[in-house]
Amino acid sequence: MKIEKIETFCVALPTRRSFGVSGGAVAVAGRPSLRVLVKVSAEGAHGWGEATPIPAWTYETAESIVTTIDRYLAPAITGRPAWDLDGVTTAFDRAVNRGFSIGAPLAKSAVDVALHDLLGRAAGVPLGVMWGRRRRETIDLGWIVSGRSSAEVADSVAEGRGLGYRAFKVKVGLGPEDADVVEAVRLHAGDAAALWVDANQGYTVRSALALARRLEDLGVTAFEQPLPANDIVGLRRLRDACPIPVALDESLRHPSDLATFVRLDAVDVAIAKVQRTGGLTLSRRLCALAEDCGVALMGSGLTDSDLGLAASLHLFSAFGIDTPVDLNGRQFIDSPYAGPTVEIRDGTARVPDAPGLGVEVDERTVRDLAVDVL
């Protein structure tokens, strides 16, 4: 099958509640959350992908994702065989070249995921079967705590526990009360709950170490991206001195980034994140490298709607990730375009069995939700 058409739809999805990271707001209650959905068509078959524009987390915006796909990526691969995922990756890098790391990963990811969905649908099998690796049928999820007051923390943890969640992730790097927030989460979640923190690049080596010493006593299992992504020297110093494992997220845009940290002995845990790494093709390479090098894997998303949620579940299942993951989209946004979709019950997501991603998209609803960001 040859790729015939690539369409972008920037959709305004309902926001369930506000959510922030050290860089700023990710979702704001009462304000629609924008997601860029991509449809790839090839000789009667089609597939869908998703990009999450969050300027508080990275440099790609809704406007840049739409124009990058429409004006650069789509022309570069139209007419190519849909199965040639490696060739598509090469064409993407020629269309939008790499700088220090991968270029325009969110835009590239949306198209790459749509191609995977298309191929799985055409073959009549879910992605794990197409890849020949599906190690898990379910993935445990973590409940995200981003509140700052004791009352907000108590309410958030109680809500998560009420929905069956047994693991909690706390956003830190937001202020001097970070350690107190984590302590409150531990108090309300109980000693048996899995607990880890994510600073989204919010600390220096000194401040990260000071916090880590308090986190160790609270049974925190991982300290995610404490320093700026490109502070390789600082991350190595921190890894040597930190009493809890340091997990890298924003630092790992491309598999070659992980290779650098492995050579420098500067990584404990690699976070698998589909959009950050430019899609499933490069994410599978990164996860395989981590596995071969003995680097532990954890999983995370980008407050995805259901298309991105499903893509992540297939990836994490393929590599057998057995620790709770941060796929928090359902906590903060709705996906009204999705018909039969991912099932989540008691804090556990079932890896879809239907062909491709396993999410049925109502294109009429997509078009109704679409907004013109240009």
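How many strands form the open sheet, and in what order do they run? Colour by secondary structure and you'll find 7 strands in the order 7-8-9-10-11-12-13, with parallel pairing. Helices (H or I, at least four residues) and strands (E, at least two) are DSSP runs numbered from the N terminus, and two strands pair if DSSP finds at least two bridges between them.

Before going on: this is a predicted model, where local features need pLDDT of at least 70, side-chain atom pairs count only at pLDDT 80 or more, and totals for chains, interfaces and linings use all residues. Residues are numbered from 1 along each chain as its sequence is written, and side-chain values use heavy atoms, leaving out hydrogens and water.

Next, select residues 246-248 and 269-272. These are strands 11 and 12, paired in the parallel sense over 2 bridges. Click on Leu 248: its bridge partner in strand 12 is Ala 270.

Now show helix 9 (255-263) and helix 10 (280-293), which pack at about 20° with axes 8 Å apart; axes are lines fitted to C-alpha atoms over the stretch in contact, and angles run from 0 to 180 degrees between N-to-C directions. Residues making the contact (heavy atoms within 4.5 Å) include Leu 258 and Val 262 of helix 9 and Leu 286 and Leu 289 of helix 10.

Last stop: Thr 348, in strand 15 (348-350). At 17% relative accessibility, Thr 348 counts as buried (under 20% relative accessible area, 1.4 Å probe, protein chains only). Beyond its neighbours within four places in sequence, Thr 348 has contacts including Arg 166 and Glu 343.

Key. Buried < 20%, exposed > 50% of the residue type's maximum accessible area, 1.4 Å probe, protein only.
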